[in-house]
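Here is a quick tour for anyone meeting this molecule for the first time. Have a look at the sequence and the model, and then we'll walk through a few spots together.

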Amino acid sequence: VGDVTDRVALTPVAIREGHAFADTVFGGKDIQVDHDLIATAVFSQPEIGTVGLTEAQARDKYKEVDIYKSVFRPMRHTLSGRDEKMLMKLIVATSTDRVVGCHIMGPDAGEMAQLLGISMKMGATKADFDATMAVHPTAAEELVTMRTKWEG
Ligand SMILES: Cc1cc2nc3c(=O)[nH]c(=O)nc-3n(C[C@H](O)[C@H](O)[C@H](O)COP(=O)(O)OP(=O)(O)OC[C@H]3O[C@@H](n4cnc5c(N)ncnc54)[C@H](O)[C@@H]3O)c2cc1C
């Protein structure tokens with residue numbers, strides 16, 4: 001379990017795999033760890049948060065994908081005067097409308113990725129994102145207000 005398997009080198013994954021091993025071998029429960037759609041963050045400056053497939057991986061896996069991309073200055077910086085930008089990108093499998101990738105760069109990206117991980121694990125579609133009311137004025141509201149496909 002954990003890093004030594006060279007699968008997904010993250011603390012929560014190692015803990016989950018350790019629990020699954022103990023439950024299976026000593027607890028009489030056959031527990032499988034689901035490694036799909038693990039939300040991750042890079043605590044750099046700017047911060048990065050990501051869930052699911054990259055655009056390249058999605059294009060390999062699905063016949064058609066829709067990309068939604070937004071680069072903007074978070075509302076909070078209109079007060080601080082800082083010029084730091086935020087980037088958000090949604091990758092949608094056209095055939096099912098499922099959001100299969102989400103990538104965020106900017107303040108609190110890791111926090112957003114954790115919550116996106118729940119909705120994406122539940123199979124959220126772009127229509128579900130669109131039907132979700134925005135929390136204003138947040139940066140995360142951009143995730144539910146992107147309407148125009150990015151043509152590259
Ligand atoms: C710089 C850095 C930053 C990271 N940041 C994050 C992060 O922000 N978030 C996150 O989720 N993950 C992060 N990780 C990854 C995370 O630390 C690992 O995925 C996690 O610790 C894996 O747990 P593990 O129990 O598998 O291995 P480890 O935590 O490496 O534990 C293995 C233990 O085995 C011991 N050991 C090795 N060989 C032997 C031996 N022969 N006999 C006895 N003991 C031995 C080691 O000393 C160690 O204590 C980071 C890793 C690094 C290096």
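## Starting in a loop

Let's begin with Leu37, which sits in the loop between α1 and β1. Keep in mind that this is a predicted model. Is Leu37 buried or exposed? Leu37 has a relative accessible area of 16%, so it falls under the 20% cut-off and counts as buried.

The backbone of Leu37 has something to show too: its phi is near 55 degrees, a positive value in a residue other than glycine. For background, most residues other than glycine have a negative phi. Asp6 also has a positive phi, near 55 degrees. Asp6 belongs to the segment before α1, and with 70% relative accessibility it counts as exposed.

## The whole chain

Now let's step back. The chain has 152 residues, and 33% of them count as buried. Its C-alpha atoms fill a box of roughly 55 × 40 × 25 Å, taken along the principal axes.

How many helices and strands does the chain have? The tally comes to five helices and five strands. Going along the sequence, they follow the pattern α-β-β-α-β-α-β-β-α-α.

An oxygen atom of the ligand lies 2.7 Å from an N or O atom in the side chain of Asp3. A polar backbone atom of Ala9 is 3.5 Å from an oxygen of the ligand. How much of the ligand does the protein bury? Taken alone, the ligand exposes 980 Å², and the protein buries 24% of that.

## A patch on the surface

Val1, Phe21, Val25 and Phe26 make up a nonpolar patch on the surface. Together they have about 450 Å² of accessible area.

Phe21, one of the patch members, is part of helix α1, which covers residues 11-25. Its relative accessible area is 46%, so Phe21 lies between the 20% and 50% cut-offs and counts as partly exposed.

## A lysine in helix α5

Next stop: Lys126, in helix α5 (residues 126-131). Why does Lys126 count as buried? Its relative accessibility is 3%, and buried means under 20%, so Lys126 qualifies. The side chain of Lys126 also has a polar contact of 2.6 Å with the side chain of Asp130.

Strand β1 spans residues 40-42, and Ala41 is in it. Ala41 is partly exposed, at 29% relative accessible area. Ala41 and Ala56 are 15 residues apart along the chain, and their C-alpha atoms are separated by 19 Å.

Finally, a look at the peptide bonds. In general, most peptide bonds are trans. Gln45 and Pro46, though, are joined by a cis peptide bond, with omega about 5 degrees. Pro46 sits in the loop between β1 and β2, the latter being residues 48-52. His136 and Pro137 are also joined by a cis peptide bond, with omega about 0 degrees. Pro137 is in the segment after α5.

Definitions and conventions:
Residues numbered from 1 in each chain as written. Predicted model: local features only at pLDDT ≥ 70, side-chain atom pairs only at ≥ 80, totals over all residues. Heavy atoms only, no water. Polar contact = N/O pair within 3.5 Å; in protein donor to acceptor, adjacent residues only side chain to side chain. Areas by Shrake-Rupley, 256 points an atom, 1.4 Å probe, with all protein chains shown as cover. Patch = residues over 30% accessible without salt bridge, like charges linked within 9 Å, V, L, I, M, F, W, Y side chains within 5 Å. Salt bridge = Lys/Arg side-chain N within 4 Å of Asp/Glu carboxyl O. Helix = DSSP H or I, 4+ residues; strand = E, 2+ residues; numbered from the N terminus. Buried < 20%, exposed > 50% of the residue type's maximum accessible area, 1.4 Å probe, protein only.
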